[in-house]
Amino acid sequence: MNDQERLTRFESEMLPLTNDAYNLARWLVQNDQDAHDMVQEAFLRAFRFFRGMRGETSRAWLLRIVRNVCYDHLRKRPGLSNSSDSDQENLPDTNPSPEAALQTKSEIAAVRSALAKLPEDFRTVLVLREMEELSYREISEITQVPIGTVMSRLARGRQHLTDLLKQMRAKDLL
Amino acid sequence: MTCSEFQKRIDPFLDNEVDLATAQEMQRHLEECADCETFFAARLALRQRLQTPELRFLPAADLRSEIHAQLQKEIRPPLAHFNWLPRLQFPNWILPTLAGAAAVLVFWFGSTTFLSPVRSSNGANNTLIEQLVSNHLRSLVGNHLFDVASSDQHTVKPWFAGKLNFSPPVFDFSEQGFKLIGGRLDYLAMRKRQPWFFSTRSTISTCSFGPGTSRVLCQTRFFRRKDSTCTVGKPTA
């Protein structure tokens with residue numbers, strides 16, 4: 001297989017996963033430009049190791065690289081990872097009635113900021129499980145921790161998120 | 001199943017990651033226990049909220065094309081698909097260098113074997129050499145090495161005869177270690193009726209012969225070194 005063929009194969013297999021890769025990266029680094037760069041870097045790394053792919057599905061494989069690139073990035077600039085406040089606006093309107101739309105919007109914004117406040121490890125497994133709908137096995141391959149750890153992170157992450165949302169609602173009511 | 005057992009397994013249950021027997025047991029408990037049902041309903045609601053499509057982030061429109069451009073840069077640019085010229089990127093200086101090498105080779109061949117001496121200081125000859133070099137290079141980089149592929153003079157010669165109004169003498173380079181592998185029509189500005197044998201360190205060599213007028217079709221025959229185990233296009237040696 002020459003380079004051009006390899007690239008063609010790689011792109012036909014991987015480029016359709018760009019949105020998934022971006023969503024994960026964006027949730028991890030919490031910033032548009034960084035997420036953009038992370039995905040590019042991840043694709044480059046993925047292409048370099050493309051031959052080394054084994055039994056995993058390509059999505060899990062690519063997302064593992066995205067996750068690693070993002071974690072490398074976050075490790076380099078600690079402290080900035082949990083600062084997300086830019087996501088309240090520009091949510092698409094899907095509801096016909098303005099009141100309902102407003103409610104949905106604030107609802108989404110609440111979940112968004114609560115999820116952004118979670119520690120990275122919890123956020124990662126939740127994004128992978130709920131948004132990418134990956135299995136425990138795949139999540140364990142991506143995050144490189146045992147399945148038992150995935151399970152407990154999901155449980156604690158969900159509990160944490162529920163508590164955060166409760167707190168936010170309580171604050172709104174006060 | 002107790003409530004604490006149920007709540008311990010609620011997440012794998014929600015995620016369909018428990019075995020069938022456990023799942024059935026939990027389902028039964030769910031129907032019996034109102035507290036656990038409320039707990040489970042809350043988990044389901046949370047899932048629903050997390051799965052709202054609006055929660056997903058979408059990349060900028062140009063991300064894909066940027067990735068594509070970056071990957072294109074990553075693979076070796078032109079000529080990348082010629083495995084048999086591995087890692088060779090033809091930089092700008094290669095053509096003059098090859099032309100120089102070719103001039104030396106033509107000199108050497110001319111003086112030692114069958115060509116009349118070439119005056120390389122002659123401008124016309126230099127242009128010719130450049131043409132030969134570019135023809136030769138072209139034959140190496142394209143897929144189309146020959147118009148007629150045959151090791152038999154009696155196939156190659158009549159093929160040329162049907163295309164051209166002149167017929168050059170047949171050269172046999174087997175003593176020099178080169179075996180005929182085919183022929184092709186080329187354009188060359190040749191002043192003299194003279195064969196030009198052209199060889200580089202690659203395994204393919206060319207011999208061009210023109211009718212002696214300027215800028216006309218000429219014959220190019222291809223030869224391969226006999227001692228080489230290579231096949232055309234993908235030498236293994």
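## A buried cysteine to start with

Cys33(B) counts as buried, with a relative accessibility of 13% (buried means under 20% relative accessible area, exposed over 50%, and partly exposed in between, using a 1.4 Å probe and protein chains only). The closest cysteine sulfur to that of Cys33(B) belongs to Cys3(B), and at 3.5 Å it is too far for a bond. Cys36(B) is in no disulfide either: its nearest cysteine sulfur, again that of Cys3(B), is 3.6 Å away. Cys36(B) counts as buried too, at 0% relative accessibility.

## What you are looking at

This is a predicted model, where local features need pLDDT of at least 70, side-chain atom pairs count only at pLDDT 80 or more, and totals for chains, interfaces and linings use all residues. Residues are numbered from 1 along each chain as its sequence is written, chains are lettered from A and ligands numbered from 1 in the order in which they are written, and side-chain values use heavy atoms, with hydrogens and water left out.

## Meet the two chains

Chain A has 8 helices and 0 strands (helices, H or I of at least four residues, and strands, E of at least two, are DSSP runs numbered from the N terminus). From the N terminus, its elements read α-α-α-α-α-α-α-α. Of its 174 residues, 52% count as buried. Its accessible surface is about 8,500 Å², with 50% of that belonging to carbon and sulfur atoms; such areas come from the Shrake-Rupley method with a 1.4 Å probe, and for residues only the protein chains shown count as cover. Looking at contacts in chain A with a separation of 6 or more, 69% are between residues 24 or more positions apart (contact means heavy atoms within 4.5 Å).

Along the sequence, the pattern of chain B goes α-α-α-α-α-α-α-β-α-β-β-β-β. Chain B has 237 residues, and 43% of them count as buried. The accessible surface of chain B is about 13,200 Å², and carbon and sulfur atoms hold 55% of it. Among contacts in chain B with a separation of 6 or more, residues 24 or more positions apart make up 66%.

## Where the chains touch

The contact between the chains takes in 48 residues from chain A and 34 residues from chain B. Together the two chains bury about 4,100 Å², 58% of it on carbon and sulfur atoms; buried area is the accessible area (1.4 Å probe) that two parts lose on being put together, summed over both. Which three residues supply more than any other three of the area that chain A buries against chain B? They are Gln40(A), Glu130(A) and Arg158(A), which supply 14% of it.

There are also 21 residue pairs in polar contact across the interface, both at pLDDT 80 or more. A polar contact is a pair of N or O atoms within 3.5 Å; within protein, one must be able to donate a hydrogen and the other to accept it, and residues adjacent in sequence count only if both atoms are side-chain atoms. Several helices of chain A each supply at least two residues of the side that touches chain B, including helix 1 (3-14), helix 3 (32-48) and helix 5 (98-117). Helix 8 of chain A gives the most to that side, with 9 residues.

## Charged partners

Side chains of opposite charge can pair when their charged atoms come close. The whole structure holds 18 salt bridges over all chains (a side-chain nitrogen of Lys or Arg within 4 Å of a carboxyl oxygen of Asp or Glu), and the count between chain A and chain B is 8. One crossing pair is Glu107(A) with Arg49(B), at 2.3 Å from N to O. There is a network of salt bridges too, linking Arg129(A), Glu130(A), Arg158(A), Asp11(B), Asp15(B), Arg43(B) and Arg47(B).

Inside chain A, Arg59(A) and Asp20(A) form a salt bridge, with their closest N and O atoms 3.0 Å apart. Arg59(A) sits in helix 4 (residues 58-76) and Asp20(A) in helix 2, so this pair ties together parts 39 residues apart in sequence. Arg59(A) is partly exposed at 22% relative accessibility, while Asp20(A) is buried at 15%. Another pair is Arg26(A) and Asp32(A), with closest N and O atoms 2.6 Å apart. Here Arg26(A) is buried at 3%, and Asp32(A) is partly exposed at 46%.

Note on methods: Disulfide = S-S within 2.5 Å.
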